[in-house]
Amino acid sequence: MGHNRSRKPFTPSKINLIKPVPADIDIARDADLKPISDIASELGLLPEEIEFYGPYKAKVKLEVLKRLKDVPNGKYIDVTAITPTPLGEGKTTTTVGLSQAMGAHLGKRVVTCIRQPSQGPTFGIKGGAAGGGYSQVIPMEDLNLHLTGDIHAITAANNLLAAAIDTRIYHEKTQSDEALFRRLFPEGKNGERFFARGMQNRLKKLGIDKTDPNELTEEERSRFVRLDIDPDTVTWMRGIDTNDRYLRGITVGESPTEKGFTRKTGFYITVASEIMAVLALTTSLADMRERLGKMIVALNTDGEAVTADDLGAAGAVTVLMKDAIKPTLMQTLEGTPVFVHAGPFANIAHGNSSILADMIGLKLADYVITESGFGADMGMEKFFDIKCRYSNLLPSVVVLVATIRALKMHGGGPTVKAGRPLDAAYIEENLDLLGKGKDNLLHHIRIAKKFGIPVVVAVNRFHTDSDAELKLVRKIAIEEGGAFDAVVSNHWEEGGKGAAALAESVVRAAEQPSDFKFLYPLDWPIKRKIETIAKEIYGADGVDYTAEAEKRIGEYTRLGLDKLPICMAKTHLSLSHDPALKGAPKSFRIPIQDVKASAGAGFVFPVLGKISTMPGLPTRPAFMDIDIDPETEEILGLS
């Protein structure tokens with residue numbers, strides 16, 4: 001094919017397997033890094049299609065999609081998991097190990113697509129998010145810290161919009177219509193005025209087709225200059241990419257210069273901003289500009305939506321995002337290519353990396369392996385019903401990650417808590433406890449099969465797992481669950497070599513016939529879509545709504561947002577709304593406490609329980625371990 005002519009032959013990077021497995025950062029530091037120019041060339045990218053950010057990472061320009069528009073897409077693989085323990089079950093590690101196996105051991109052209117981690121968890125409790133052991137994305141420090149600045153760009157864009165909201169409220173409260181008109185349309189030397197670029201979409205919304213502000217009637221002037229934002233309805237908050245519990249609730253406008261116009265608000269962590277969700281779901285620069293303009297920031301005093309376009313800020317917000325829209329190219333320990341792009345929360349947002357990274361990867365490779373946040377009930381359902389709906393990309397295989405310890409927890413094992421040693425039940429053979437936890441695995445297999453896609457279960461092996469336990473999980477997955485296959489994978493300890501059997505199974509599964517279908521059509525009412533997810537995905541008996549949730553559903557239906565997909569905001573620690581309910585709970589109802597909308601990103605999100613958008617720091621944060629060697633500039637303590 002013509003687009004392959006510029007490709008260099010792929011050369012795997014060799015890894016030196018050591019036992020016991022060293023710390024992640026030590027493995028990453030000892031890695032044989034290829035220049036990112038070599039990664040790009042092996043992938044088939046042209047020199048003019050990449051922008052270097054140092055020797056080991058680069059941005060990929062969207063122009064590559066135009067060049068390769070006629071190239072057939074490769075196979076599309078989503079990695080998900082059963083309901084995890086608070087420790088996580090190695091989903092990113094499996095994603096990377098599977099990619100290394102496909103590229104470095106099976107000789108397949110493969111691209112990995114993952115989310116960019118937030119710095120909040122890096123310095124908080126979780127540590128980094130580059131995979132682990134001998135299945136990592138490198139350079140590890142770059143991935144877990146600033147990378148190419150995308151999250152900083154989102155922070156700047158988010159906070160520009162927040163400033164625009166409060167400033168507009170202040171000026172409308174302190175000025176007459178005429179004064180607002182004069183300042184929004186300053187006179188030129190000859191008395192001429194003009195509509196700024198950022199005003200054009202508001203003109204269309206109001207149905208005003210005049211091109212000269214001087215021709216506006218008094219009534220049109222008032223309608224245009226006054227947004228009449230109701231301060232109590234402002235939903236847009238400020239953002240920062242740091243865990244800071246004291247910013248969850250604040251009061252703005254305390255300075256005497258604000259003339260007593262105070263307002264209670266707060267901060268969310270940047271990755272919870274709707275701008276991050278927009279970045280992840282956009283398909284082009286023009287699409288991103290349109291989505292950013294549609295973001296609803298408040299309601300006016302008549303109950304009508306006020307958007308970023310109404311504020312005239314959407315164009316400037318897009319400018320701040322013009323580089324962030326380009327995926328970042330990195331590599332795995334074994335030299336296979338990785339796109340890192342976007343990082344929306346998997347609870348209040350859809351928890352998947354960007355559509356654009358997947359689109360580019362599918363044109364350049366035979367296989368694209370991406371992962372969705374948390375379990376199949378969370379990120380995978382949203383991958384199908386939201387991401388695939390907007391991208392029009394058809395998935396080929398679901399890889400469902402399971403671990404012995406998570407299944408034992410679902411079988412009634414002792415409580416698992418981060419930072420505490422595991423109970424003996426998790427590190428000694430216990431087939432009875434393991435068997436009791438099978439319902440969670442079987443439920444997740446059924447969820448994936450509802451969408452008509454073959455399921456391969458990846459049993460992520462830990463050194464404490466017995467052969468009998470691993471054999472039992474394989475038997476349950478295939479014979480009781482109807483999975484296409486179930487394969488034990490040892491990629492953490494052996495890199496791609498340890499996932500070779502998994503990769504072979506995934507390749508076979510990708511050739512199977514599939515009948516992909518969405519869970520629901522968009523023209524169903526909001527409630528019917530919510531109840532379908534609750535019953536079909538979570539296994540609930542039904543749904544209960546608070547008065548506030550009922551009110552919001554009515555508002556969003558009136559505003560025309562009822563045709564959007566649903567993004568359920570709930571705990572990832574249970575199939576239900578209650579994190580204490582393990583296994584596959586029965587006879588429960590889902591309580592919907594509130595319903596919110598991300599009109600720009602393009603989904604409505606019902607809230608099940610209390611969902612925090614600003615994490616706090618623990619008593620002993622991870623930042624206590626992090627420092628730098630002033631002589632070598634080596635970062636110390638990052639994990």
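Modeller: Gladly! Let's start with helix 18 (residues 438-450) and helix 22 (residues 526-538), whose axes come within 9 Å and cross at roughly 130 degrees. This is a predicted model, in which local features need pLDDT of at least 70 and side-chain atom pairs count only at pLDDT 80 or more, while totals for chains, interfaces and linings use all residues. Residues are numbered from 1 along each chain as its sequence is written, and side-chain values use heavy atoms, with hydrogens and water left out.

Colleague: What do the helix numbers and the angle stand for?

Modeller: Helices (H or I, at least four residues) and strands (E, at least two) are DSSP runs numbered from the N terminus. Axes are lines fitted to C-alpha atoms, for helices over the stretch in contact, and angles run from 0 to 180 degrees between N-to-C directions. Under 35 degrees counts as roughly parallel, over 145 as roughly antiparallel, 65 to 115 as roughly perpendicular, and the rest as oblique. Helix 18 and helix 22 are therefore oblique to each other.

Colleague: Which residues make the contact between helix 18 and helix 22?

Modeller: Contact means heavy atoms within 4.5 Å. Helix 18 brings H443, I447 and K450, and helix 22 brings E536, I537 and Y538. Sorted by class, the residues of this contact are 3 nonpolar, 1 polar and 2 charged. Here Ala, Val, Leu, Ile, Met, Phe, Trp, Tyr, Cys and Pro count as nonpolar, Asp, Glu, Lys and Arg as charged, and the others, Gly among them, as polar.

Colleague: At what angle do helix 4 and helix 21 pack?

Modeller: Helix 4 (residues 91-105) packs against helix 21 (residues 500-510) at about 80 degrees, their axes 8 Å apart, which means that helix 4 is roughly perpendicular to helix 21. T94, L98, A101 and M102 of helix 4 meet A500, L502, A503, V506 and V507 of helix 21. That contact has 8 nonpolar residues, 1 polar and no charged ones.

Colleague: How do I read a salt bridge, and how many does the structure hold?

Modeller: Look for a side-chain nitrogen of Lys or Arg within 4 Å of a carboxyl oxygen of Asp or Glu. The structure holds 45 salt bridges. In one of them, R67 pairs with E49, with the closest N and O atoms 2.6 Å apart. R67 sits in helix 3 (residues 63-67) and E49 in the loop between helix 2 (36-43) and strand 1 (50-52), so the pair, 18 residues apart, links distant parts of the chain.

Colleague: What volume does the second largest pocket have?

Modeller: On a 1 Å grid over the protein atoms alone, a pocket is an open set of points with protein on both sides within 12 Å along at least five of seven lines, and lining residues have an atom within 4 Å of a point. The second largest pocket has a volume of about 1,000 Å³, a volume being the space filled by probe spheres set on the points, which are joined across faces, edges and corners. Of its 39 lining residues, T235, M237, K596, F605 and T613 are the closest to the centre. The lining has 22 nonpolar, 8 polar and 9 charged residues.

Notes
1 Å grid on protein atoms, 1.4 Å probe; cavity = no way out; pocket = protein on both sides within 12 Å on 5 of 7 lines; lining within 4 Å.
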